[in-house]
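Welcome! Please take a moment to look over the sequence and the 3D structure before reading on.

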Amino acid sequence: MGSHGEYTFNDAITDVKAGQSLVETTQILLSQLTKEERLSLLDGDVEFWPGLRSILCDRYNRTPYVHGAIPRKHIPGIKFTDGPRGVVMGSSTAFPVPMARGATWDVELERRVGDAIGREAKAQGANYFAGVCVNLPRHPAWGRIQETYGEDPLLLGEFGLALTQSVQKHVMACVKHYALNSMENARFRVDVSVEEAVLHEVYLAHFRRIVEGGVAAVMSSYNSVNGEWAGQNRHLLTEILREQWGFDGLVMSDFIFGLRDAAASVKNGLDIEAPFRQQRARKLPQALESGELDWKYVDRACERILRKQIQFTVRTEDSQPSPDVVFCDEHRALAREVAARSMVLLKNDTVDGKAVLPLQAESLSRVAVVGRLANIANTGDRGSSQVFPPGVVTPLDGIKAALPGTEVLFADSVAKAEQLASQVDVVICIVGYTHEDEGEYVVPALQDNPALRDTLPPATTAEERETLDIFEGNSDKGGNGGIKAGAGGDRTSLRLRDEDEKLISAVTAHNPRTIVSVITAGAVIMESWKDKVPALLISWYSGSEGGHGLGDVLLGKVDASGRLPFSIPTIEAHLPFFNRNAAEIYYERWFGQHMLDKLGVKAGFPFGFGLSYTTFAVDSIVAESVDKESIQVAVNVQNTGRRPGRFIAQAYAVTNIPDFPTRVLLGFAPVDLDVGQRTTMRFLASTRPIQQWKAGTFTLRTNQIQLEVASFAGDGGAQQQLTPALVPFPTLNPNSDSNTTSTVARETQRPESLLPENLDSVLKWPVLQDVNYQMTQGPGIPSPSSDHASPAQPSLDGDELNPNITNAYLDNFFAHVHPKNPVLDEPYIRRLVRKVSLEGPSWDSESCLALLVCANGAITGPLLAPSISAEDLRILRWELGLPDFGTRISLEPPQRFPTLPLTDDEEILRAWKDMTTRLSEPDNNGLSDLADISEIYKQQLVACLHSLPSTVSISDLPCQTPETDVLRFILQGRSTYVNELITWPYIAYAVNDMPLGHTEQGWVSKGLQAHLERLEVNQAGFYHRHHGTWLMIRTSARSACILLAVARSSMRDLLPVGWKEAVEATVKMLDFWQADVEGLAALAGLLRHLMSYVT
């Protein structure tokens, strides 16, 4: 590290990696910057007019847009790439648009997409991906509906979070557009009015989910919300985003017109004006000089910007993808897989007694592929989200590749298509939209909104004036790759073009085996023609491999598994009011499927709808509360058809609450089933969608509702012979408080369990209760907090881990732990953990690895480093309140007991099994008959320790073991752990004042000595922040409580020498960490109180 006067970004990285506080490091670096350098952090690095000209005349985002690079201090700046269908820079892989990805209902697939996008962004020089778009499409005419995932806040939140967390293994992710941005043509002028409750419950719920999941950045929107522009809206940017949600990242404006008052934007919480030097460069120096703006607001923004750059440079340093990852075979294969999984089969009628789809290649001799869109590269709009892959597989290309032995004919006109229709076995009709029908409406914004000119710097040179003319749509001198004026925007019709409908009518009149594939991003009203066609699917803007994906589905290589992420009405009158040129508009909670339900009208195709090539049956739904915001859903699903297929389970709350939807999505999960296969699906559902925002907080609207698991919203079973089962919803107590404590009168009683208990259970022992000591806060130590909140720990039975919970653990593991030691293959580990989650762990190495990964992910937080010792896993599971390994075969040990001794000695094996049985099921004969068994097990431990080679021997006293000898430290901890396990039954009797003989008291003494040794061993790490700090705090506090419990019992004379000093040292350690770990202050106070009564 250099002196502070020479301190650079590189020094900051070194210091953070060495353990220095991120906040402190950021402040040191910030203090080294001049005022001019600080201001330069707050906008882009390129001057406005040259930057704008490159967008219009060359290409948008060909290379990263850099914000705040300071070469003097080696500060890299924010290196921006856009999205979301892939990396806009270079020649990247074009994935299906997010709406198509939302139709997969598969967040694990989206994580894989995010990982690929993150790699391609990093490989091309970006450190910031602004492609997590989760705006809620209130109306399907919205021009940029293709950039979001669906109409439901829960779906948006889960997919946006999956993309965010996987991208952030490589670069920062930015969620956008915050907030209420779902009108395209009017986005630069419209003011959206919304009630506060609806704002929080509906339009911000998914942003909140992603912010809580650790997104690095937020992009504000262009529009105004309740009278203030979003880019300078204090209520949105500061009061909600930071003060209510705890967001600690940076906020960037949308491009060029993202703010209207430079000084107000800084004060109200906008950190960066993007992408060029524009308003702030001209106006902030004067605002600072006049006193309109204080430097403290500038420094606040600078600190956020620098802190995130430092944090992610360290966090992602192991991600170093090579340039050849861009558009690589692996990513193209993934794009193809996503395209196929996204396609939604809406109709599949029979013709001549047989379903039209899937096609049987061997029975086809000639196929016609018709339509103006059949052979064009059509990956979406041509605004800021356009990706430029080296090649695109069109529908015609994909169908030809899928049918190598079939003659495939093509017609792009109605007349030619009509002629071919009667000459072929099957007609595949490609209809829908392009960038001309819908998409981002960039220009001519100035013609529609002349007030926007005030945000631009003066155009003083001939080139600048020419650029302005192009920008206004008054000149056609823009380049071929530049963003085009006037294209896209909100749709003017929700129906197909006339020529497309004529095409459908013409070919169906001549060939009954007609398949219609609709390319779209949102709802298309199909009532005038859908009954004419036997087979109908939505194929979306499906990316660079979309043609292959279409072929895979049509031929049945992939089951038709996509489900609508929105509803499709029968007529426009069933939609909310929409005026694409509005200056003001009011948003309420009624839109999409919820509005159709409120009106009492049927959808053309309901939310979540989609057919499979097989059939399914569901039954036996069980719902259990996990915590105040989560329930676990279990449902039996069977493939009752003749083909393998994928079922998408959709869990809905069925309500009868005034002025609230009657059916609300709570959770979802996919499962793949072979013919006849039956399985029990388990997945988490959230209660947030049934919460209400009232008096500044969220509360449940009701404690009793019904839960429906179905294949789509309102599934009555007609389409897929699927009857959705209804079960009572778990009772939810919104006022439950896990920190509530109560005093317990002491009495002599037999312990309920002779197996070791964790700290929270120990604290409830009657011997530790005292009516004279009241605590305002419970003394328990919660699981470590994290910027990336881990899910609540459920009470699981021993053979199961919830897949949705383990998904969150995996996200934390691969975000925080894996980058420091990337020895695991992520796709394999995710598949392994999912397998163990669904099938239950067993006593094999794979289950152990899966549990280790989950354990690391569960405890990742500010006190933790990349990994934990495998030897500490079982102790960790006690302390987290998780069950131990399952008991699938009769020879397996009971829960919380170590593995079967690796010996052929029948006496030891018999003793081991006898002891484990007695520990699990204590009888009334006391402990006298356990002594001999305990001795045998103790001798086995001693023999094991004596067999260790001298290089790792732990025969020395613990205090003599060097701190740096990690292996000895682990082995010593393991020895202490097993000693505690052997002696625990005796201590359990002692603290409950049960009578013990001389031999049993000897085992109590040995157990207390083990707890004293634990405190002595742990003291070396009492005041160091290391990978095991949180676990060390809990295990030390637990041993201290056990020693104090015995001190308050009739067995106090058995306490070892030095126990009091060890407990006092532990209390001081708790004091040291109380600012970092909630509950330690109360626990330390309790131990002091108990110590005061010890003589």
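The report below visits a few residues and peptide bonds.

## About the model

This is a predicted model, in which local features need pLDDT of at least 70, side-chain atom pairs count only at pLDDT 80 or more, and totals for chains, interfaces and linings use all residues. Residues are numbered from 1 along each chain as its sequence is written, and side-chain values use heavy atoms, with hydrogens and water left out.

Let's start with S220, which sits in strand β6 (residues 217-220). Strands (E, at least two residues) and helices (H or I, at least four) are DSSP runs, numbered from the N terminus. S220 is buried at 0% relative accessibility; buried means under 20% relative accessible area, exposed over 50%, and partly exposed in between (1.4 Å probe, protein chains only). Leaving aside neighbours within four places in sequence, the contacts of S220 include H177, Y178 and L270, where contact means heavy atoms within 4.5 Å.

N807 belongs to helix α23 (residues 803-817) and is buried too, with a relative accessible area of 10%. Beyond its neighbours within four places in sequence, N807 touches E108 and R830.

Most residues other than glycine have a negative phi, and most peptide bonds are trans. W105, which is not a glycine, has a positive phi of about 50°, and L180 has a positive phi near 55°. W105 is buried at 0%, and L180 is buried at 5%.

Two peptide bonds are cis: G83 to P84, with omega near 15°, and A274 to P275, with omega near -5°.
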